[in-house]
Amino acid sequence: MLLKEYRICMPLTVEEYRIGQLYMISKHSHEQSDRGEGVEVVQNEPYEDPEHGQGQFTEKRVYLNSKLPSWARAVVPKIFYVTEKAWNYYPYTITEYTCSFLPKFSIHIETKYEDNKGCNDNIFDTELKDQEREVCFVDIAYDEIPERYYKDSEDLRYFKSDKTSRGILQEGWRDTQEPVMCSYKLVTVKFEVWGLQTRVEQYVHKVVRDVLLLGHRQAFAWVDEWIDMTMDEVREFERTIQEATNQKIGIFPPSISISEMPLSSCSLTGPASAPTTPMCTDAPESLSVTKDRPRKKSAPETLTLTDPAPSGAPQGSNLSPLADSNHLEPSTPPSSSSDVAETDEQ
């Protein structure tokens, strides 16, 4: 188990970010989704907890096979997704990630928001509060972001909000900016497999940090798009964009319900007993590859010359289809792009 605490400050208030968080998550998920990969919304319902009160429960499937490093793609099926379950009792949230194909893998994220500069060292009152952890401050303006995610319009070193007049963020902006809030995230990664545990847990934390950096950058970069929204308006935006995202991925039609009546705590399994994803160690039968599957052929295996052979060659000799593979090799189904290009493995 590897435990880290991330602290991400933004030039917003906690009350403002209640809207900004919902807007950012929906738009970010839609942007990062493509046909066959991305975030599918399975469930989005009001939820009531006896301890934390009313909130929102969401369940999503994150399809990301091509984003895995090569050593991970070698052991997971082509159709691979992570289940996300989140309980949002803003300004307190719990998020858990599991994968039925990897039963010993899980990510647990506990989040709290406060109007300060990230100076509260005792914000988490959990059984993990006394465990050793690394505290990581994430600077949304000056920390390096993966090149594939960079956009000029989201570079907060040059961005100034028209509606709030906040920005440009200069170095050391946390000490001078008003208002300022902090997103505290206690992230626990578990992958209890001997020989791979350290490598996988460190890699997952790197991915988590990159996602947190990008998401919080975008929340402020998009502030002029959501700052005037009401809760009803952002919920309607959330519903519309979720349906569009599911269609973009190419998944079955979504079953999303954002109703007025909250579900009771008995209707859904709370975070204490989550995750409830079925655990198994074998890939589904539909993902197995038949070993003796015959190859499809568009040309014969051999080409027999019926004309008299030239001198020095026996008559009726066969030419190997590999003699000139550009012309005579039997056609086979093309490999997937993930088998050819192994990128983003850092």
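Mentor: A polar contact is a pair of N or O atoms within 3.5 Å; within protein, one atom must be able to donate a hydrogen and the other to accept it, and residues adjacent in sequence count only if both atoms are side-chain atoms. The model under discussion is predicted: local features need pLDDT of at least 70, side-chain atom pairs count only at pLDDT 80 or more, and totals for chains, interfaces and linings use all residues. Residues are numbered from 1 along each chain as its sequence is written, and side-chain values use heavy atoms, with hydrogens and water left out.

Trainee: Which backbone oxygen does the side chain of Arg166 reach?

Mentor: Arg166 is in the loop between β7 and α3, where helices (H or I, at least four residues) and strands (E, at least two) are DSSP runs numbered from the N terminus. Arg166 counts as buried because its relative accessibility is 13%; buried means under 20% relative accessible area, exposed over 50%, and partly exposed in between (1.4 Å probe, protein chains only). Its side chain forms a polar contact of 2.9 Å with that of Glu16. At 3.0 Å, the side chain of Arg166 also reaches the backbone oxygen of Pro11.

Trainee: Is Phe159 buried or exposed?

Mentor: Phe159 is in the loop between β7 and α3 (173-176). Not counting residues up to four places away in sequence, Phe159 touches residues including Arg166, Ile168 and Phe220; contact means heavy atoms within 4.5 Å. Because its relative accessible area is 14%, Phe159 is buried.

Trainee: In what order do the strands of the open sheet run?

Mentor: Strands of a sheet pair through backbone hydrogen bonds, either parallel or antiparallel, and two strands count as paired if DSSP finds at least two bridges between them. The open sheet has 8 strands with mixed pairing. Its edge strands, β2 (38-49) and β7 (134-138), each pair on one side only. The order is β2-β3-β4-β5-β6-β8-β1-β7.

Trainee: Which residue in β3 is the bridge partner of Val39?

Mentor: Strand β3 (residues 53-63) and β2 pair in the antiparallel sense over 11 bridges. Within β3, the bridge partner of Val39 is Val62.

Trainee: Which side chain is joined to that of Gln56 by a polar contact of 2.7 Å?

Mentor: Gln56 has its place in strand β3. Gln56 counts as buried because its relative accessibility is 8%. The polar contact of 2.7 Å joins its side chain to that of Asn44.

Trainee: At about what angle does α1 run to β6?

Mentor: Axes are lines fitted to C-alpha atoms, for helices over the stretch in contact, and angles run from 0 to 180 degrees between N-to-C directions. Helix α1 lies across several strands, among them β1 (2-10), β4 (81-89) and β8 (181-191). Relative to β6 (105-114), α1 runs at about 145°.

Trainee: At roughly what angle do the axes of α1 and α4 cross?

Mentor: In their contact, residues of α1 including Tyr17 and Met24 meet residues of α4 including Leu214 and Ala219. The crossing is right-handed; a crossing is left-handed if the near helix is turned anticlockwise from the far one by less than a right angle, and right-handed if clockwise. The axes of helix α1 (residues 14-31) and helix α4 (residues 197-221) come within 9 Å and cross at roughly 120°.

Trainee: What percentage of the residues of the protein count as buried?

Mentor: The protein contains 8 helices and 10 strands. Of its 346 residues, the buried share is 43%.
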